[in-house]
Amino acid sequence: MRSAHPMFGSHYKLRCLHRLAALLFAAAALHGCNGGKPADPQNSDWEWLGNSAEMQHHASLSTINVDNVDDLELAWWVEMPNVDGLVGNPLIKDGVIFQGGPSGTIFANDVKSGKLLWSYEDTADFSTASLSGYWGRRMNRGVALSEGKVIITTGDCRLVAVDQKTGKKIWEAQSCDSTQMYGISAAPRVGAGLVFTGNACMDSGTTRGFVDALDVKTGKRRWRFYTVPGDPAKKQDSPLYDMAAKTWGTGWYEKSHGCGSPWDAMTYDPKLNLLYIGVGGPSPFDPSKRAPDAGDELFTNSIVAVDASTGAYKWHFKQTPNDGWNYDASVGIMIADLPIDGQNRRTVISVPKSGFAYVLDARTGRFISGSAYTQANWAKGLDAKGRPIPDPDGQYWLRPGQANIVVPSPAGSHGWEALAYDPENHLVYIPNMVMPTKIETDPAALVGGLLMDFYYGSSGDPKWKSYGEIVAWDAVANKVAWRTRTDLPINGGLMHTSGGLVFQGMADGRLVAYNAKTGQELWSRQTGGAMRAAPSTVMVDGKQYLIVPTGNGAAAATGSYFSKYNSTLQSRTPPRLLAFRIGGTATYPPLAKVEPVGRPSASRQDAKLARKGKVVFESYGCVDCHGMNADAVGGRIPSLIRMPPSDLAHVKAVVQEGAMSKNGGGMPQFKDLTDEEARGLYAYLVNEAWDAHEKKGAFKP
Ligand code: HEC
């Protein structure tokens, strides 16, 4: 591979010869043959989620580099005692890997051998949780390390801090209320002696988003910042929310309680002591169902800066007014010092779900530059202040009853998966998901009156194709430098190293290294499991290790909704942790064996009834856990095409009456389900099982 790129390779080698010559004259002995950079330390940590507070997912290590990446091999792999898959980014300190797992589980493994040193298992009671709580429980996107503690969030809205050495619990604290539509989906963030956490409302609009800051030492709450105003019939918490409430339009509260989930990105700026919060969209997400005279609906789809120590509001920047696509600002916020107009400017780089990337002044929130880095048919571009120029193409609510294609999809042009950054060349690396989505307004759809087909891009329409990319976006030049392409759109987060490499774990199970300057693929290995986490890298006793979790790539991330886009059947393996280093000698783990779908015991059901059942399955949120076509990715969630309900009574008992909701397995009760809906569900599940058995119908990976 590398020989196809002689320029870069030989350039490196020349520099190495140079170094050898220099060695004769002593002095540079410590600098090694690594392209002129200082030698890597013997030992290093990956202590912050993004390796530093700035969330750049960059390591200034170059022991593994473009010249020797061919020799990067597996050092060890271990299976992890957790059924639901691992998706969170691993943190590493003093030779120990700290990995979060679903249901508030923490694992500590030795970085050199993979040996499990201790684990912490949370015991939450979910019997009273809302759907959001149930859903959050399957989710874990990582832990935080601070002051000798490992901090994790649980699905039922608590934070737990345990001792880094022993795994013993030190404190726990309640943040949101999981009996309401609240769950926590993100890794906690830390800074200024505090732990920051947000929450998710599952786009329901019944709850009010907020960020809590807790004392790292005690878990005591120091401040709370609400992302949207409260009930306008009551006094607002402060003049800030009087101002914000005015931007929601007439009668907004009857139609929408706001939502504004800060469900992932919050980035702490140690230089300015600010916390940049990314706020999610308003709900319901069809704007024609919200106030007709709505303004900016603050602070949804905005970056908000608050004083990290007090939570006091500093500035905000609105990205997507009149949001109809769920284009949250809650993902991808990093800090970078950039050379702009001859000055060194502290900036916030925000890459929301909308397909645009923004550079903002970190002190004031003022727009510096920004542009679309991918297809985006909701806006034609940005004006001088960074406000979008609307494109009616994407405004599906203008054409009720018609099929409309929107891109990015409401899942976003990228999700929570890590962005990476090359501080030398100012390149921001974005794991882009192109998933053209068909949206139809349909009053019969239970949630929000919308029907969405996220898989439209694989339906054969030559105009709209789904695929995945890494986009390298130059934050100074405000333009795309290069892009890669893969078939499956939802892949893992990214990491950049000073060895000139960008790493990404793929939905198909490959871990890939790209040339950071050109995007050329230099190296890949089949790890045997789908990936959503970004790899982390550290030095241990003079060797550089790369650590990545794999397996059931979706089970613990967004449920199974997108399972056909973020894993293959073969990559739905048990959760594993893998370590790579130059000259590793371990044998690679196997891919999953896939049994054909068996013959259902019940006969095919009425197609019309099944069609109704499909709508129920998707609008009640069954699809979020059990997956598209009822084909879950695994873990504790059964694939219903592989075990379709034996009869209607079973559906009623499990779903309506909640026969399984008390056993701790995670199946919620749906009390409001009508008998007719239950009949539809039964017909749908049986027919899906027949389709899978006969290999008919829907898109199969
Ligand atoms: C929050 C995730 C989640 C949601 C939402 C969800 N389920 Fe489940 N479901 C589960 C889990 C987990 C189990 C296995 C529970 C256990 O083993 O105790 C399960 C079990 C089941 C079973 C029993 C399978 C068997 O025979 O053992 C059926 C049927 C089922 N779900 C149907 C549905 C339907 C229909 C919906 C929507 C109305 C739904 N589920 C929504 C997680 C979910």
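Okay, let's start at the metal: the iron atom of the ligand sits in an octahedral site, with angles of 87 to 178 degrees among its six donor atoms. Octahedral here means six donors, with opposite ones over 155 degrees apart and all others between 65 and 115. This is a predicted model, where local features need pLDDT of at least 70, side-chain atom pairs count only at pLDDT 80 or more, and totals for chains, interfaces and linings use all residues. Residues are numbered from 1 along each chain as its sequence is written, and side-chain values use heavy atoms, with hydrogens and water left out.

So which protein atoms hold the iron atom of the ligand? They're H626 (NE2) and M667 (SD), 2.0 to 2.1 Å away. Donors are N, O and S atoms within 2.8 Å of the metal (3.2 Å for Na, K and Ca); with water not among the atoms, sites may look incomplete. H626 is in helix α7 (622-626), while M667 is in the loop between α8 (648-656) and α9 (675-693), 41 residues apart. Helices are DSSP runs (H or I, at least four residues), strands too (E, at least two), numbered from the N terminus.

H626 counts as buried because its relative accessibility is 11%; M667, at 17%, is buried as well. Buried is under 20% relative accessible area, with a 1.4 Å probe and protein chains only.

Now the strands. β5 (105-110) and β6 (116-120) pair antiparallel over four bridges; pairing needs at least two DSSP bridges. A108 has W118 as its bridge partner. In the hairpin turn, G114 has a positive phi of about 85 degrees.

Last one: an open, antiparallel four-stranded sheet, ordered β16-β17-β19-β20. Its edge strands are β16 (266-269) and β20 (313-318).

Definitions and conventions
Tetrahedral: all angles 85-135°; square planar, octahedral: opposite > 155°, others 65-115°. Buried < 20%, exposed > 50% of the residue type's maximum accessible area, 1.4 Å probe, protein only.
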